[in-house]
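User: I want to learn how to read charged side-chain contacts. Where do we begin?

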Amino acid sequence: MMDSRICQMLNIKYPIFQGGMAWVATYHLAAAVSNAGGLGIIAAGTANGEYVREQIKNVRKLTDKPFGVNVMLLSPYVDEVMNVIIEERVPVITTGAGNPGKYIKFLKEVGTKVFPVVPSVALARRMEKEGVDGIIAEGTESGGHIGELTTMALVPQVVDAVNLPVIAAGGIADGRGMLAAFALGAEGVQIGTRFICSDECAIHENYKMAVINAKDRDAVVTGRTTGHPVRSLKNKLTREFERLEGEGASKEEIEKIGVGALRRAVIEGDVNYGSVMAGQIAGMIKDIKPCKKIIEDIIDEYNTTLSRLRG
């Protein structure tokens, strides 16, 4: 596993990507994950190019290891963010909410590897034709904006459909999940929620404690009626979403109450009326520890579980 195509391609020790979580995945977290042997990723979210440039410069002060930037392709600043990434020669980008096709040629010219996040086989095939370097197949178990297929169903179908390395995402937090992903044909994993509860994740403590206190059924989905479903921990905000959707409110009414909600939770610590985005594995997370320890524990459990299965 540690000699996988992913590790060779990206020059990383472990085939573990840190999820590009908006407002959460800052340079502090990205540097810590990269220093621990994984691929740390800065989330661009809907930030402008100068914010992303500053994040890139700061991560390079803290690590000399490879890192990445996650680009949300629906951002109003996507063109300037991509220009910054190209100018700064960022080693890796992951993308979501769109097709990175028009940028791929320019990214490849500076050596940037491109890994789009996909929720379906059709999009994975399309991305392969566009010339990406690998696919992140993300199941509905993940936090934030989600698709419909589960990781267990999606990953092997994507693996069978493309000739690129596939990274499994959604519902993975430990070595058992990593081993399961490899059994499905993945060559790496992307982990988000587990890294929220790390020492180096520079978010409000209330957010971390909300994840730690979550039970198995607390990560709920809202916004299905708008066509943009989101998974987050249930609170007063999610109940308000559910009320409006149940009453047949308009898309505009429903989306209005979500404006700024993620920032309220991440920065201000409002875990009642903020959007506490987290995956279904939140119920498995019971502590806060350094990224290095998180990754070491994942690898140790992977190896222990594999040895037990081999008898």
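Analyst: With exposure. Buried means under 20% relative accessible area, exposed means over 50%, and partly exposed lies in between (1.4 Å probe, protein chains only). Asp297 is partly exposed, at a relative accessible area of 24%. This is a predicted model: local features need pLDDT of at least 70, side-chain atom pairs count only at pLDDT 80 or more, and totals for chains, interfaces and linings use all residues. Residues are numbered from 1 along each chain as its sequence is written, and side-chain values use heavy atoms, with hydrogens and water left out.

User: What does Lys289 form with Asp297?

Analyst: A salt bridge, that is, a side-chain nitrogen of Lys or Arg within 4 Å of a carboxyl oxygen of Asp or Glu. Here the closest N and O atoms are 2.7 Å apart. Lys289 is buried, with a relative accessible area of 17%.

User: How many salt bridges does the structure hold?

Analyst: The count is 21. One of them pairs Arg263 with Glu268, at 3.3 Å from N to O. Arg263 is partly exposed at 35%. Glu268 is also partly exposed, at 47% relative accessibility.

User: Where do Glu50 and Arg53 lie?

Analyst: Helices are DSSP runs (H or I, at least four residues), numbered from the N terminus. Both residues lie in helix α3 (residues 49-62), 3 residues apart, about one turn of the helix. Arg53 is buried, at 17% relative accessible area.

User: Which residues are linked with them in a network of salt bridges?

Analyst: Lys57, Arg60, Glu87 and Glu88 join Glu50 and Arg53 in that network.

Key:
Helices (H or I, at least four residues) and strands (E, at least two) are DSSP runs, numbered from the N terminus.
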